[in-house]
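Hello,

Here is the structure I promised to send over. Please have a look at it first, and then read on for what turned up in it.

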There are 2 protein chains.
Amino acid sequence: MTPKITGELLRLLRQTMRNCKYFSEPIQAYIIPSGDAHQSEYIAPCDCRREFICGFNGSAGTAIVTEQHAAMWTDGRYFLQASQQMDNNWTLMKMGLKETPSQEDWLISVLPENSKVGVDPWIIAADQWKNMSKALTSAGHSLVAVQENLIDAVWADRPERPSTQLRTLGLEYTGLSWQDKITTLRAKMTERKITWFVATALDEIAWLFNLRGSDIEYNPVFFAYAIVGLNTIRLFVDLKRLTDPALRDHLQLDSPSKPELSIQTFPYESVYTELQAICTALGPKDKVWICDKASCALTQVIPKAHRTPIPYTPLCLAKAVKNSTEIQGMRMAHIKDAVALCELFAWLEKEIPKGTVTEISAADKAEELRSQQKDFVGLSFPTISSVGPNGAIIHYRPLPETNRTLTMNEVYLIDSGAQYIDGTTDVTRTMHFGTPSAFEKECFTYVLKGHISVSAAVFPNGTKGHLLDSFARAALWESGLDYLHGTGHGVGCFLNVHEGPCGISYKTFADEPLEAGMIVSDEPGYYEDGSFGIRLENVVLVVPAKPKYNYRNRGSLTFDPLTLVPIQVKMMSTELLTQKERDWVNEYHRKCREVVGAELERQGLTLVQTNHFVQEHLV
Amino acid sequence: MTPKITGELLRLLRQTMRNCKYFSEPIQAYIIPSGDAHQSEYIAPCDCRREFICGFNGSAGTAIVTEQHAAMWTDGRYFLQASQQMDNNWTLMKMGLKETPSQEDWLISVLPENSKVGVDPWIIAADQWKNMSKALTSAGHSLVAVQENLIDAVWADRPERPSTQLRTLGLEYTGLSWQDKITTLRAKMTERKITWFVATALDEIAWLFNLRGSDIEYNPVFFAYAIVGLNTIRLFVDLKRLTDPALRDHLQLDSPSKPELSIQTFPYESVYTELQAICTALGPKDKVWICDKASCALTQVIPKAHRTPIPYTPLCLAKAVKNSTEIQGMRMAHIKDAVALCELFAWLEKEIPKGTVTEISAADKAEELRSQQKDFVGLSFPTISSVGPNGAIIHYRPLPETNRTLTMNEVYLIDSGAQYIDGTTDVTRTMHFGTPSAFEKECFTYVLKGHISVSAAVFPNGTKGHLLDSFARAALWESGLDYLHGTGHGVGCFLNVHEGPCGISYKTFADEPLEAGMIVSDEPGYYEDGSFGIRLENVVLVVPAKPKYNYRNRGSLTFDPLTLVPIQVKMMSTELLTQKERDWVNEYHRKCREVVGAELERQGLTLVQTNHFVQEHLV
């Protein structure tokens with residue numbers, strides 16, 4: 001990796017910071033967050049502004065440029081990578097270390113008095129703006145919204161914003177028409193006395209209209225905004241995308257069934273002026289819902305007295321609770337995905353002894369096998385295919401310069417998933433093709449115990465996911481071990497592989513209680529730096545449980561694994577498992593054989609006899 | 001229970017609300033919170049203003065009186081009691097029910113436009129004031145601080161504020177002189193660039209100066225404030241209490257060793273004017289620490305630019321981490337307490353068959369036996385002594401009209417504790433003196449499993465208590481059962497039986513990470529309404545654990561039970577226990593026999609042979 005040369009770029013950027021074309025007075029600092037105007041986790045190339053200015057291309061990081069300094073904040077996952085990708089013009093700010101100042105503190109320490117700090121209000125979330133603005137103001141500075149993005153101003157060959165073809169999803173995939181979704185949304189608005197709802201998250205808009213795009217890699221979304229009133233629907237999207245007759249028919253653009261279900265379409269860029277127009281006409285009691293993580297730009301259009309910020313939107317919650325059609329689709333997607341992975345593991349068993357399989361070729365093979373499955377669209381995130389010490393890098397992605405050969409001597413970890421039209425998958429398996437060491441087996445077994453403890457947990461309705469996180473860690477903790485990431489995230493249905501508002505983590509973010517129909521991952525791990533990584537991940541569905549009693553008629557929940565890929569028994573120290581845990585493993589493998597076996601047969605594949613597919617029965 | 005007649009009282013109170021002697025303009029509503037000027041959990045009779053005005057004497061509740069209405073908010077524990085203690089002038093507001101409005105919403109719905117709502121700023125905490133004021137202001141009303149308490153103005157025979165004799169504690173009890181505590185506090189202040197610290201919590205002040213009082217029943221505290229600067233110490237207390245030569249010597253009032261350790265004493269009431277004087281002289285960079293739960297009155301004296309509110313103070317955290325002398329004292333207190341309880345259980349076994357033991361007489365006997373132990377001071381909270389259905393009332397306290405006789409047919413639950421000069425105890429045991437039913441045993445066993453799961457847990461340094469809460473519930477949850485209270489609270493050392501900032505609860509309040517030396521309770525339960533209650537509580541000490549590995553050198557923690565009172569094996573369904581759990585029970589009982597047995601012998605008591613003390617060994 002060679003660092004990006006940024007001297008000239010920084011000179012140009014500092015020029016724009018002094019250029020009164022962009023603002024009435026020059027600014028002394030400019031903040032470049034990662035992220036787009038929709039606060040997406042994955043972003044399109046045209047939005048990779050922080051990468052453009054400093055060279056660092058990790059998923060998280062914020063750059064700040066002043067007249068004298070340039071600094072970039074990122075977290076522990078990326079210290080090495082960032083130091084390699086950035087040249088000497090940049091100071092790496094290692095977040096989480098005691099000596100590292102916060103962005104606010106650093107700005108206050110380096111800025112001259114009464115400085116103006118600029119930021120693109122579309123890229124910064126409203127809650128982040130609030131915190132930053134408060135800190136700067138209290139130190140005598142001010143945070144300034146710079147409407148034109150200054151990176152774009154110096155980015156000569158900036159890619160265009162993607163405008164891929166839109167795909168309509170019928171009831172057989174969604175289970176619910178967009179009209180019904182709008183009606184449900186309006187019922188919630190009426191209940192809370194809300195007159196307008198502004199949707200800015202791309203997956204929420206895709207879900208609402210039963211549309212999918214491919215504007216962002218791995219995420220089947222498209223750039224759009226939506227504003228829903230009690231009688232009107234406004235969709236903001238590149239209008240060229242709306243010419244396909246089937247799509248126009250799907251949205252009933254030319255012949256709406258009812259006036260209140262008539263979608264008015266507007267250019268993507270006009271959301272600001274349209275929202276302004278709406279806000280000008282608000283009655284004294286009118287209230288507008290917007291997520292507190294939406295962009296500062298759109299949020300501030302809404303006068304404070306009319307603004308009702310919410311930590312997650314009603315669409316976010318509705319989307320998280322899958323209906324029976326979506327659940328059926330997710331089940332099918334996971335069965336097809338299991339077929340592809342079982343094929344991969346059989347292939348690995350055969351090929352590894354030849355010494356020709358690398359992390360990259362294994363990931364490619366996984367993609368090839370998945371792509372042969374029905375309704376495959378693409379991967380749901382970059383495959384983590386890692387051998388030995390690379391497995392201990394939690395967010396590893398094999399690159400030519402790090403690519404390692406799979407052998408009989410090292411642990412192999414593959415965390416991968418795909419988008420199918422009927423559902424999204426995300427699965428991690430860790431295995432050894434030779435003889436694992438006693439320590440590797442011991443750690444694997446603790447991770448397995450944690451995985452089972454969550455997966456088999458019974459808990460009352462209304463329980464938040466963070467209350468289950470310790471179950472995943474108890475066995476590791478007992479031996480003095482742990483892992484430094486959460487245990488699970490929400491998973492979309494042919495949508496983003498990471499979605500809110502539920503999850504399983506020791507961090508008690510504003511997570512909503514788990515309810516039947518939600519789908520989350522269960523993925524504890526253990527990482528021995530420089531040696532190996534272990535993670536065991538299933539996607540699981542929240543389902544009602546029927547325990548012996550029913551305290552206060554609250555009802556109980558548990559999890560049903562959607563992922564049906566065998567877990568390598570060779571990696572287990574079975575003497576560390578309780579009888580209950582062995583029964584769980586046996587029953588899981590019985591289900592894999594039954595369900596995935598049937599699909600393998602249907603597809604005319606004969607993997608049923610391979611070592612990986614038929615795992616030993618534990619007694 | 002007959003309700004208190006409040007018509008005339010309310011007439012008088014409303015008269016004061018219109019009386020311009022107290023404010024420039026009349027107020028339309030007056031809020032009467034429970035609590036005192038130190039936001040104490042337990043309060044002195046002179047502070048029971050909410051009880052005085054409405055008759056309801058539960059521990060939690062807020063009364064609001066307007067010109068037309070009088071309403072009182074309390075939670076589910078007290079619905080029945082409050083409805084019996086209040087007359088028809090009062091509306092009971094059942095908190096937690098959907099149809100019950102919040103205090104803010106109710107005020108807004110009943111008040112005429114532009115109303116003034118009064119409250120005693122000493123009784124309302126700064127954070128509560130902020131929320132209430134915001135809600136009222138946004139509806140066009142205002143919250144007004146009424147300096148003179150209007151209840152006191154109509155309370156003819158209001159008791160005096162207690163001013164009991166102060167007790168000094170030497171190093172043999174505290175392990176640390178008050179001078180050293182001041183020095184440590186100042187080091188923390190200097191580290192955070194704080195120039196003044198205002199202490200308002202009574203237990204923090206008692207701890208800081210190694211003094212105890214008995215102003216409030218069950219809590220060995222005294223009414224005082226303290227303001228600590230980097231070179232000065234101001235103590236605000238009834239000066240008549242400072243005449244005892246030993247006490248003057250302890251505080252070095254007449255011959256301080258160093259000027260910066262010289263305590264200036266002031267009358268209790270002068271804290272307000274002294275803090276005002278301090279704040280007038282603040283330099284531009286001076287910062288004042290005050291807890292965000294301190295009274296609004298004192299908080300608002302500090303100009304906002306100089307105020308640094310904190311969720312808990314450095315004294316709160318320092319007090320929570322017991323030093324080795326305090327730990328030794330707590331151990332001794334728990335051994336003596338165990339002797340008294342074992343004597344009680346032997347006595348109960350003998351007396352219950354005669355049919356003469358009631359909930360009240362058992363509680364009295366427990367107090368009598370405890371009072372015979374060395375350095376006994378008093379109870380640490382009102383004894384919960386409950387039989388059969390009364391056991392299902394979580395905060396039950398036996399009264400003559402509810403008093404039930406202990407029999408061979410019902411489950412008996414006793415939750416009790418004492419203050420000794422060397423430590424504070426809090427223990428719950430549940431037992432049956434005949435033959436428990438299968439369901440009672442089943443529930444008891446789930447509770448026991450939860451208790452052991454927490455007590456035996458190993459977890460990394462830095463873990464917050466709320467991450468352990470689910471361990472206590474997992475066995476109950478698996479059978480569809482649960483309990484609707486937290487699992488544990490911090491326990492003071494010859495101080496309040498409930499203290500922050502750590503605890504074990506599903507509620508993720510701002511709890512601090514557990515660290516070695518902290519002492520908390522572990523008390524899961526199960527309550528079958530109308531039938532029985534089960535709770536099993538030990539006080540446990542956080543201690544370093546030494547598991548097999550030490551991930552990232554973080555170190556691990558576990559718990560060491562300080563409570564050493566046998567657990568009735570007769571109540572256990574031993575077939576539901578794992579071997580590990582049986583081993584835990586056996587080892588716990590071995591330790592009880594060894595440690596408490598030795599003390600019983602030392603005291604010349606011969607309980608060693610009784611049924612309760614020698615519990616069956618589980619195989």
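Phe494(A) sits in the loop that links strand E22 (488–490) to strand E23 of chain A. Do bear in mind as you look around that this is a predicted model. Most residues other than glycine have a negative phi, and most peptide bonds are trans. Is Phe494(A) buried or exposed? Its relative accessibility is 1%, so Phe494(A) counts as buried.

You will find Asn210(B) in the loop between helix H9 (202–209) and strand E9 (211–212) of chain B. With a relative accessibility of 2%, Asn210(B) counts as buried.

While you are looking at backbones, please check the prolines at position 501. In chain A, Gly500(A) and Pro501(A) are joined by a cis peptide bond with an omega of about -5°, and Pro501(A) belongs to strand E23 of chain A. In chain B, the bond from Gly500(B) to Pro501(B) is cis too, its omega being near -5°. Pro501(B) is placed in strand E23 (residues 499–504) of chain B.

Now for the interface. The size of an interface is often given as the accessible area lost when the parts come together. Here chain A and chain B bury about 2,900 Å² between them, and 59% of that is on carbon and sulfur atoms. Which residues of chain B lose the most area to chain A? They are Trp477(B), Tyr549(B) and Tyr551(B), which together make up 24% of what that side buries. Each chain brings 34 residues to the contact.

Helix H17 (residues 469–478) of chain A packs against helix H17 (residues 469–478) of chain B at an angle of about 110°, the axes being 11 Å apart. H17(A) is therefore roughly perpendicular to H17(B). Their crossing is left-handed. On the chain A side, the contact is made by Ser470(A), Phe471(A), Ala474(A) and Trp477(A), and on the chain B side by Ser470(B), Phe471(B), Ala474(B) and Trp477(B).

The buried residues are Asp469(A), Ser470(A), Phe471(A), Ala472(A), Arg473(A), Ala475(A), Leu476(A) and Trp477(A). What covers them? From chain A, the cover includes helix H16 (438–455), strand E23 (499–504) and strand E25 (525–528); from chain B, it includes strand E21 (459–460) and H17. After H17(A) comes Gly480(A), which has a positive phi near 80°.

H16(A) contributes Tyr446(A), Val447(A), Lys449(A), Gly450(A), Ser453(A) and Val454(A) to the contact, while H17(A) contributes Phe471(A), Ala472(A), Ala475(A) and Leu476(A). The classes here are 7 nonpolar, 2 polar and 1 charged.

One more helix pair lies in chain B. Helix H14 (residues 324–351) and helix H18 (residues 579–602) pack at about 75°, with 9 Å between their axes, which means that H14(B) is roughly perpendicular to H18(B). Ile335(B), Ala338(B) and Val339(B) of H14(B) meet Val595(B), Val596(B), Glu599(B) and Leu600(B) of H18(B). That contact has 6 nonpolar residues, no polar ones and 1 charged.

Last, a residue on the outside: Lys285(B) is exposed, with a relative accessible area of 75%. Lys285(B) lies in the loop between helix H11 (271–280) and strand E13 (288–291) of chain B. From Lys285(B) to Ala305(B) is 20 residues in sequence and 9.0 Å in space, C-alpha to C-alpha.

Happy browsing, and best wishes

Definitions and conventions:
Residues numbered from 1 in each chain as written. Chains lettered and ligands numbered in written order. Predicted model: local features only at pLDDT ≥ 70, side-chain atom pairs only at ≥ 80, totals over all residues. Heavy atoms only, no water. Axes fitted to C-alpha atoms, helices over the stretch in contact; angles between N-to-C directions. Helix = DSSP H or I, 4+ residues; strand = E, 2+ residues; numbered from the N terminus. Parallel < 35°, antiparallel > 145°, perpendicular 65-115°, else oblique. Left-handed = near helix turned anticlockwise from the far one by under 90°. Contact = heavy atoms within 4.5 Å. Buried < 20%, exposed > 50% of the residue type's maximum accessible area, 1.4 Å probe, protein only. Buried area = accessible area lost by both parts, 1.4 Å probe. Nonpolar A, V, L, I, M, F, W, Y, C, P; charged D, E, K, R; others polar.
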